[in-house]
Structures are given as structure tokens and as C-alpha cells.
Amino acid sequence: MDRAALKTLLEQVRSGERDVEQALAELALLPYADLGYAKPDYHRALRLGFPEAVYCPGKTPEQVVEILKVLASRHEVVMATRADRAVWQAVRAWNPAARYHSAARIVEVRPEHAAKAPGVTPAGFVAVVSAGTADLPVAEEAAVTLEIAGDPVERVYDVGVAGLHRLLDHLALVRRARVVVVVAGMEGALPSVVAGMVGRPVIAVPTSTGYGASFGGLAALLAMLNSCAPGVAVVNIDNGFGAAQIAHLINCQQ
């Protein structure tokens with residue numbers, strides 16, 4: 001249940017369309033369902049403006065489907081992250097209308113009439129900037145998550161520090177964004193460059209892209225944490241989903 005649905009329920013009680021007992025029965029399903037192996041959180045949309053997402057690694061395709069079913073019974077739009085083809089096939093067997101964003105590894109389940117995840121209207125657009133093509137899976141995870149949440153997104157890809165003229169060609173666009181998500185591996189320098197040129201919050205996402213001394217993204221993570229540019233916040237390695245959630249919250253602040 002999201003804010004809009006809860007508000008509608010309360011207004012129906014006030015107007016007499018529903019009685020108190022009906023409302024209590026509706027609210028009794030909150031705040032979570034207990035499946036034994038999982039407790040899907042119905043309240044997360046009320047707290048954060050976006051329903052709980054299902055993280056697929058470590059779960060069987062059948063478990064992912066069952067959790068999605070429970071969440072979809074209470075939310076118009078739900079999603080699963082880091083989904084492989086086996087998960088996608090299981091979800092599609094349950095819901096043929098589901099969509100698989102293969103580059104982002106995200107499964108999206110929504111009715112055709114649902115334009116976006118319900119919540120606060122975003123104030124602007126989010127720019128998702130990636131250093132290289134190898135960073136695209138994480139960048140797309142961020143971009144698709146934002147789009148599912150209802151945020152307009154502008155993608156600026158393959159503009160890393162090895163050729164800064166590529167970034168400069170898109171600088172006017174990036175400066176108009178409400179918030180910027182910057183995804184980079186290797187030495188992780190791009191977020192500092194962007195933050196030094198753009199007067200917007202920058203959410204830095206280190207990726208595990210790089211040769212041996214990058215230590216699976218640790219070098220990029222430490223570089224971003226040590227940025228001398230102000231206005232940079234850093235999420236965990238390869239965490240495009242987490243960066244998108246922060247960007248969404250910032251973008252919905254009026």
C-alpha cells in the first residue's frame with residue numbers, strides 16, 4: 001500500500017463508502033506478509049515512496065515469483081533486481097505482461113494502465129552518467145530503477161576521464177539535472193570531475209570494472225570516498241539500485 005492508496009481508503013471511511021471494519025480488514029494486511037522464508041514489506045512505499053524490490057541472487061526463481069506475487073497484490077508496480085534468464089522465464093510464466101530489462105537485469109511487473117510507481121511527483125530529471133561501456137549494466141540498473149519510480153532520466157554514457165571532451169559536449173544537459181548519478185570503474189575519477197563542474201548533488205557508483213589492481217572496484221570506491229570535490233555521496237560497489245533510490249528521494253523533494 002502506498003500513500004495514495006492509504007489516503008483513498010481513509011477518505012472512503014470518512015465519506016461512508018467503507019465502514020470501519022472494512023478498513024480494519026484492509027489495514028490488517030499491513031505492514032508485511034510472512035512467507036516463512038521471506039517477509040515482503042508492504043509499508044516501504046509509505047515510508048520511502050517506492051515499493052520493496054526483490055533482490056534475486058540467493059533466491060530460487062520460484063521464491064522470486066512468490067514474493068513478487070505478494071508485493072503485486074498490494075502495489076501497482078513491483079520489480080526484481082539482478083534477475084537472470086531463469087528468473088525472467090519463471091516470472092513471465094506467471095505474468096506474461098512482465099517486462100525484462102536485460103541490460104539492467106531488472107524484471108518489472110506493472111498493469112498496462114499504471115504509468116509509473118505511485119508516489120511524489122519528481123521535481124526534475126536525473127542524469128545518469130557512465131565512464132565506459134563496461135559500466136553500462138550498473139548504469140542501466142540505476143536508470144531503469146529511476147524510470148520505474150517515475151523519474152525522467154537522461155543517459156550520458158561512455159564519457160570517462162580518458163577523453164573529457166566527450167563529457168564537455170554534454171555538460172549543459174548534465175547541469176540542468178536535479179541530481180546526477182555517476183557510474184565509473186577503473187580509477188573512479190569521473191564523479192569528482194562531474195561534481196567540480198556541476199552544481200547538483202552527485203551520487204557516485206563505483207563498479208567492479210577494471211584490471212587486477214582495481215581490486216574488484218575497491219580502488220574506485222576509495223577514490224570516490226576521497227574525492228576533493230564537494231557534493232559527492234558514494235554508494236557501494238556496483239549498487240546502481242541504491243544510487244537510484246537516493247536520487248529518487250532527492251528528486252522528489254519539493
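How many salt bridges does the count come to?

## Salt bridges

In this predicted model, the count comes to six salt bridges. In one of them, E140 pairs with R155, and the closest N and O atoms are 2.6 Å apart. Because E140 belongs to helix 6 while R155 belongs to strand 6 (residues 153–156), this pair ties together parts that are 15 residues apart in sequence. E140 is buried, with a relative accessible area of 14%, whereas R155 is partly exposed at 33%. E140 and R155 also belong, with E147, to a network of linked salt bridges.

Another salt bridge joins R110 to E108, where the closest N and O atoms lie 2.3 Å apart. R110 counts as buried, with a relative accessible area of 18%, because buried means under 20%, and E108 is buried too, at 7%. D158 and R166 form a further salt bridge, with 3.5 Å between the closest N and O atoms; here D158 is partly exposed at 33%, and R166 is partly exposed at 27%.

## Helix 11

Helix 11 runs over residues 240–251, and its 12 residues should span 16 Å at 1.5 Å a residue, which agrees with the 16 Å between its end C-alpha atoms. Its buried residues include G240, A244, H248 and N251, and among the elements that cover the buried residues of this helix are strand 5 (126–130), helix 6 (136–149) and strand 7 (179–184).

## A nonpolar surface patch

On the surface, F215, L218, L222 and L225 form a nonpolar patch that has about 420 Å² of accessible area together. L222, which is found in helix 10 (residues 218–225), is partly exposed, with a relative accessible area of 43%.

Definitions and conventions:
Residues are numbered from 1 along each chain as its sequence is written. This is a predicted model: local features need pLDDT of at least 70, side-chain atom pairs count only at pLDDT 80 or more; totals for chains, interfaces and linings use all residues. Side-chain values use heavy atoms; hydrogens and water are left out. Patches are made of residues with over 30% relative accessible area and no salt bridge: like charges are joined within 9 Å, nonpolar side chains (Val, Leu, Ile, Met, Phe, Trp, Tyr) within 5 Å. Accessible areas come from the Shrake-Rupley method with a 1.4 Å probe; for residues, only the protein chains shown count as cover. A salt bridge is a side-chain nitrogen of Lys or Arg within 4 Å of a carboxyl oxygen of Asp or Glu. Helices (H or I, at least four residues) and strands (E, at least two) are DSSP runs, numbered from the N terminus. Buried means under 20% relative accessible area, exposed over 50%, partly exposed in between (1.4 Å probe, protein chains only). The expected span of a helix is 1.5 Å times one less than its number of residues. Contact means heavy atoms within 4.5 Å.
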